[in-house]
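Q: I have a model open here and would like to go through it step by step. Could you take my questions as they come?

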Amino acid sequence: MKRRHEDEPVLITEAAVSFEDEFAARKKRYSLIMAFRIPCLVLAGIFGIGFNWPWVAVAFIVLSVPLPWVAVLIANDRPPKKSQKVNRYRSDATALPKVSEARIIEAAEALDARAQRTDGPRQPQQDGPDHAPPRTGTDG
């Protein structure tokens, strides 16, 4: 199976656009917005002097005044972050299955059952008065 665009790299991460590419796009936006200011001033001159319509000329001048401010604001604005799928807790996915015949063992019941054993201790008691601990070979 051939790829359509052999020259383009395959995007395998969700990394953001590089700073240089983002800066170039912002400069382009700024230039485009500022490019509208020159035609506004030229049209203001044409309508004010050529057609003797001062109100239209004033409207074009008023329109061209905030363009540098708007251009700077838009050019300095970064693109919005990409929305990411949030990994949310789902109680049904991790819940343990319900057991209908569950028996709760209280501590008192466990102690009573231990006291009622008749088989005695599992190991013989070794803590008598004549009992010595085993030798490990490190004490001489």
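Q: To start with, in which helix is leucine 43 found?
A: Leucine 43 is found in helix 2. Please keep in mind throughout that this is a predicted model.

Q: Is leucine 43 buried, exposed or partly exposed?
A: Leucine 43 counts as partly exposed, because its relative accessibility is 32%.

Q: Let me step back to the overall fold. How many helices and strands does the chain have?
A: The chain has six helices and zero strands. Read from the N terminus on, the order of elements is α-α-α-α-α-α.

Q: And what share of the residues counts as buried?
A: The chain has 140 residues, and 8% of them count as buried. The chain exposes about 13,900 Å², and carbon and sulfur atoms supply 60% of that area.

Q: Now helix 4. Which of its residues are buried?
A: Helix 4 spans residues 67–76, and its buried residues are Leu67, Ala71 and Ala75. These residues lie on the same side of helix 4, because they cover an arc of only 60 degrees around the axis.

Q: What do those buried residues pack against?
A: The buried residues of helix 4 pack against helix 1 (19–35), helix 2 (37–50) and helix 3 (54–64).

Q: And which exposed residues are on the face turned away?
A: Trp69 and Asn76 are the exposed residues carried by the face of helix 4 that is turned away from its buried side. Tryptophan 69 counts as exposed because its relative accessible area is 59%.

Q: How far is tryptophan 69 from methionine 34?
A: Their C-alpha atoms are separated by 9.7 Å, while tryptophan 69 and methionine 34 are 35 residues apart along the chain.

Q: Changing topic: how many salt bridges are there?
A: The count comes to one salt bridge. In that salt bridge the side chains of arginine 26 and glutamate 22 meet, at 3.3 Å from N to O.

Q: Where do those two sit relative to each other?
A: Arginine 26 and glutamate 22 are four residues apart in helix 1, so about one helical turn separates them.

Q: Are they buried or exposed?
A: Both arginine 26 and glutamate 22 are buried. For arginine 26 the relative accessibility is 12%, which is why arginine 26 counts as buried.

Q: What does arginine 26 touch, apart from residues up to four places away in sequence?
A: Arginine 26 touches Ala75, Asn76, Asp77 and Arg78. Of these, Ala75 is one of the buried residues of helix 4, whereas Asn76 is exposed on the face turned away from the buried side.

Q: On to the rings. How many aromatic pairs come out?
A: The count comes to five aromatic pairs. One of them is the stacked pair of phenylalanine 19 and phenylalanine 23, with 6.0 Å centre to centre and 15 degrees between the planes.

Q: How are those two placed in helix 1?
A: Phenylalanine 19 and phenylalanine 23 are four residues apart in helix 1, so they are separated by about one helical turn. Phenylalanine 19 counts as partly exposed at 49% relative accessibility, and phenylalanine 23 counts as partly exposed at 37%.

Q: Which residues form an aromatic cluster?
A: Phe47, Phe51, Trp53 and Phe60 form one aromatic cluster. Phe51 and Trp53 also take part in the nonpolar surface patch.

Q: Last one: is serine 64 buried or exposed?
A: Serine 64 is buried, with a relative accessible area of 1%. Serine 64 lies in helix 3, and its contacts, leaving aside neighbours within four places in sequence, are Arg37, Cys40 and Leu41.

How values were computed: Residues numbered from 1 in each chain as written. Predicted model: local features only at pLDDT ≥ 70, side-chain atom pairs only at ≥ 80, totals over all residues. Heavy atoms only, no water. Buried < 20%, exposed > 50% of the residue type's maximum accessible area, 1.4 Å probe, protein only. Arc of directions from axis to C-beta. Contact = heavy atoms within 4.5 Å. Phe/Tyr/Trp six-rings, centres within 6.5 Å; stacked < 30°, edge-to-face > 60°. Salt bridge = Lys/Arg side-chain N within 4 Å of Asp/Glu carboxyl O. Patch = residues over 30% accessible without salt bridge, like charges linked within 9 Å, V, L, I, M, F, W, Y side chains within 5 Å. Areas by Shrake-Rupley, 256 points an atom, 1.4 Å probe, with all protein chains shown as cover.
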